[in-house]
Amino acid sequence: MTDAPFFPPAPTDRPTIAKLLLLTGSVFLGMTLGGVAALLVLLPTGQNAIDLLQHPMSYANSWYWIMAVQAVSHVCSFLLPALAYWYFFEKRQWADFQTKPLTAVAALSAVALIVIAFMPFDGLIIDWNQHLDLPDVLGLGELERWMRDKEDELAGLTKSLTTFQGPGQLAVAVLVIAVIPAIGEEVLFRGVLQRILVRGTGNVYVGIWLTAIVFSAIHVQFYGFVPRVLLGAIFGYLYVWSGNLWVPIWAHFINNGFTVLMVYLYQRKLTGVDIEATGSVPIPIVLGSFALWLGLMYYFRQRNRKRQHD
């Protein structure tokens, strides 16, 4: 527990189960409101929201409408429920997410390098996860076919959203795919849920990994489950070691934003690196990236441990 920032009890502290139920209820209510808000966004256009998401290329200006729907639904599903829980049930303020100011975080510039260095190794894990086959027993084969159908459907939507016509769409994509999820998901998962689970289990590492599992599961992308768990754990450790929520928010933004930028540059033929081609990275580069990432994580942890004792 020596790495864990001190999480003092809330002014109206409750049992862990009660907190989780309240948070879950807040999220489900937010998701419901997000669905309604998304429909209201599309109402003036007369477009069918479900059909638009399933067949985006059939609609004029569908890219912008889908981005608007994504932004509204994400804010309602993640950020607003987390803040509502934090302010109304925990009786806390934004400052309570931090145990020390951002200016007191050491080696802050290493955070972006940590995320980028992890990407080649993460690509190998993504490739492995995508080719994971379930045995055709006890109905698992049927489950796998359903999961792959859902994955293909989501992949089609993702492909349409990451096909950019110019810098304007790139800027919108960075906002919707990188900025909004980085803030909303980190506030919910690291700021609120991880704190509940660390205090509830009495173990910072159990809290980090349980949060990472929930973080991955809620995305409902079965063939990206393991790499997203690892990514969530990295964000969790960065929060614990830094004591400031803006650090995992920054790391999350770098992960999403760098990917979006590289996709754009590849489409514009400004780089030969296809960041989405997970199976194309040579093993020596993968191992080198893993070693570099591990070293940077250790460096960040040690620097911030030293800063705590200075």
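This is a predicted model: local features need pLDDT of at least 70, side-chain atom pairs count only at pLDDT 80 or more; totals for chains, interfaces and linings use all residues.

Is Trp-94 buried, partly exposed or exposed, and what is its relative accessible area?

Reply: Trp-94 has a relative accessible area of 24%; because this value lies between the limits of 20% and 50%, the residue counts as partly exposed. A search of the whole structure finds 17 aromatic pairs. Phe-97 is buried, its relative accessible area being 0%.

Trp-94 also pairs with Trp-246: the ring centres are 5.6 Å apart and the planes stand at 50°, so this pair is tilted. The pair links distant parts of the chain, 152 residues apart, with Trp-94 in the loop between α3 (62–89) and α4 and Trp-246 in helix α9 (residues 246–267). Trp-246 is partly exposed, with a relative accessible area of 37%.

Ser-242 belongs to helix α8 (residues 225–242). This serine is buried, at a relative accessible area of 1%. The side chain of Ser-242 reaches the backbone oxygen of Tyr-239 at 3.4 Å. Beyond its neighbours within four places in sequence, Ser-242 is in contact with Lys-100, Val-105, Val-247, Phe-300 and Asn-304.

The second largest pocket has a volume of about 240 Å³. Of its 13 lining residues, Trp-209, Tyr-237, Trp-293, Leu-294 and Met-297 are the closest to its centre. Helices α4 (110–130), α8 and α10 (283–309) each give two or more residues to this lining, which has twelve nonpolar, no polar and one charged residues.

Notes
Residues are numbered from 1 along each chain as its sequence is written. Side-chain values use heavy atoms; hydrogens and water are left out. Helices (H or I, at least four residues) and strands (E, at least two) are DSSP runs, numbered from the N terminus. Buried means under 20% relative accessible area, exposed over 50%, partly exposed in between (1.4 Å probe, protein chains only). A polar contact is a pair of N or O atoms within 3.5 Å; within protein, one must be able to donate a hydrogen and the other to accept it, and residues adjacent in sequence count only if both atoms are side-chain atoms. Contact means heavy atoms within 4.5 Å. On a 1 Å grid over the protein atoms alone, a cavity is a set of points where a 1.4 Å probe fits but cannot get out, and a pocket is an open set with protein on both sides within 12 Å along at least five of seven lines; lining residues have an atom within 4 Å of a point. Grid points are joined across faces, edges and corners, and a volume is the space filled by probe spheres set on the points. Ala, Val, Leu, Ile, Met, Phe, Trp, Tyr, Cys and Pro count as nonpolar, Asp, Glu, Lys and Arg as charged, and the others, Gly among them, as polar. Rings of Phe, Tyr and Trp (its six-membered ring) pair if their centres lie within 6.5 Å; planes under 30 degrees apart count as stacked, over 60 as edge-to-face and the rest as tilted.
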